[in-house]
Amino acid sequence: MLEHETMGDLRSYLDEHFQPGSTTSRMPAFDRLTGERLGGSHTGKFASRSIGSPSVGLTGSAPAGVQGRMPSGAPSAPDAMPQMLPAAPSSSRRRRLGGLAGRFRRDKRDGSASGSANLAESATKARRPPDYDSQQVVPAAPAPSGGLGATGGISPVPTGMDEWLAGVQKGFGERLLDAIDARGLDDATVYKRAGVDRRLFSKIRSNPDYRPSKNTALALAVALEMDIDETCDLLGSAGLALSDASRFDLIVKFFILNGRFDRFEINEALYRYGESMLGA
């Protein structure tokens, strides 16, 4: 059973680091065991609606049957809507624009080409902010050398495909077996500790191009008690990565950062937050 202090630290960690996508509503999640409110947000089929907040139309009137439940002192929809109209120009700006209009009419009547050129320059200055002349223009950074996709600190893109493919890193299976050998463990101990099926582990071992799911990769990383850098490297070899937009990722990351690799303890926290469990 997770200690109350651990759950409190986990809630604080999620509230600080959880970054849901732009379409995710901030709907609270609740502990499956105790019913307490948890950190982070919940996405589901009701995520697009707010809890306890009746929808209000643009006319300010609530739907039928909801008026009696509206809180007292609540602003109507037009009052709550932000003002989108632009601010009126100042009197000095109006005078400047009025003078330009008068000059335009005179220049048009006289047919003066030079007057039209001066008018265009004056109109351009009128649109500039008062402190335009004092502002310094920052030159754009020079484009990186080395061809398409090159950035600072990265060598130029090679011209030959064979040279480019020579830099391919080790795959997931090879990295995993190297980590097992480095710790002096046997395969059975690792996949049992991770809750991974023997046939799945055999597929990972025999197929160098096999890419497991993030759940399986993290379960094996926890079984090997990898730190966060080793975990990220192992995930990267399978084309995976930890994301602050995933509550599942953040919960597992929280336990790895704290050096706690008990899979059953991690799964209890995942279950409380309604996430899938490691090795499941």
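Reader: How much space lies in the second largest pocket?
Author: About 160 Å³. The model is a predicted one.

Reader: Which residues line that second largest pocket?
Author: Lys170, Arg175, Asp178, Ala179, Arg183, Met226, Glu230, Asp233 and Leu234. Two elements, α6 (172–182) and α10 (228–237), each give two or more residues to that lining.

Reader: Other topic. What about the largest nonpolar core, how many residues has it?
Author: The largest nonpolar core has 42 residues. Those with the most contacts inside it are Leu10, Leu176, Leu220, Val252 and Leu278.

Reader: Which helices supply at least two residues of this core?
Author: α1 (4–17), α6, α7 (187–194), α8, α9, α10, α11 (247–257) and α12 (263–272). In soluble globular proteins, nonpolar side chains tend to be buried together.

Reader: Take Leu176. What does Leu176 touch, leaving out residues up to four places away in sequence?
Author: Leu176 touches Phe201, Ile204, Leu220, Leu224 and Leu234.

Reader: Now Pro208. Where does it lie?
Author: In the loop between α8 (198–206) and α9 (214–223).

Reader: Is Pro208 buried or exposed, and why?
Author: Pro208 counts as exposed because its relative accessible area is 57%, and exposed means over 50%.

Reader: And how far apart are the C-alpha atoms of Pro208 and Gly171?
Author: They are separated by 6.2 Å, although Pro208 and Gly171 are 37 residues apart along the chain.

Definitions and conventions: Residues are numbered from 1 along each chain as its sequence is written. This is a predicted model: local features need pLDDT of at least 70, side-chain atom pairs count only at pLDDT 80 or more; totals for chains, interfaces and linings use all residues. Side-chain values use heavy atoms; hydrogens and water are left out. On a 1 Å grid over the protein atoms alone, a cavity is a set of points where a 1.4 Å probe fits but cannot get out, and a pocket is an open set with protein on both sides within 12 Å along at least five of seven lines; lining residues have an atom within 4 Å of a point. Grid points are joined across faces, edges and corners, and a volume is the space filled by probe spheres set on the points. Helices (H or I, at least four residues) and strands (E, at least two) are DSSP runs, numbered from the N terminus. Buried means under 20% relative accessible area, exposed over 50%, partly exposed in between (1.4 Å probe, protein chains only). A nonpolar core is a set of buried Ala, Val, Leu, Ile, Met, Phe, Trp, Tyr and Cys residues joined through side-chain atoms within 4.5 Å. Contact means heavy atoms within 4.5 Å.
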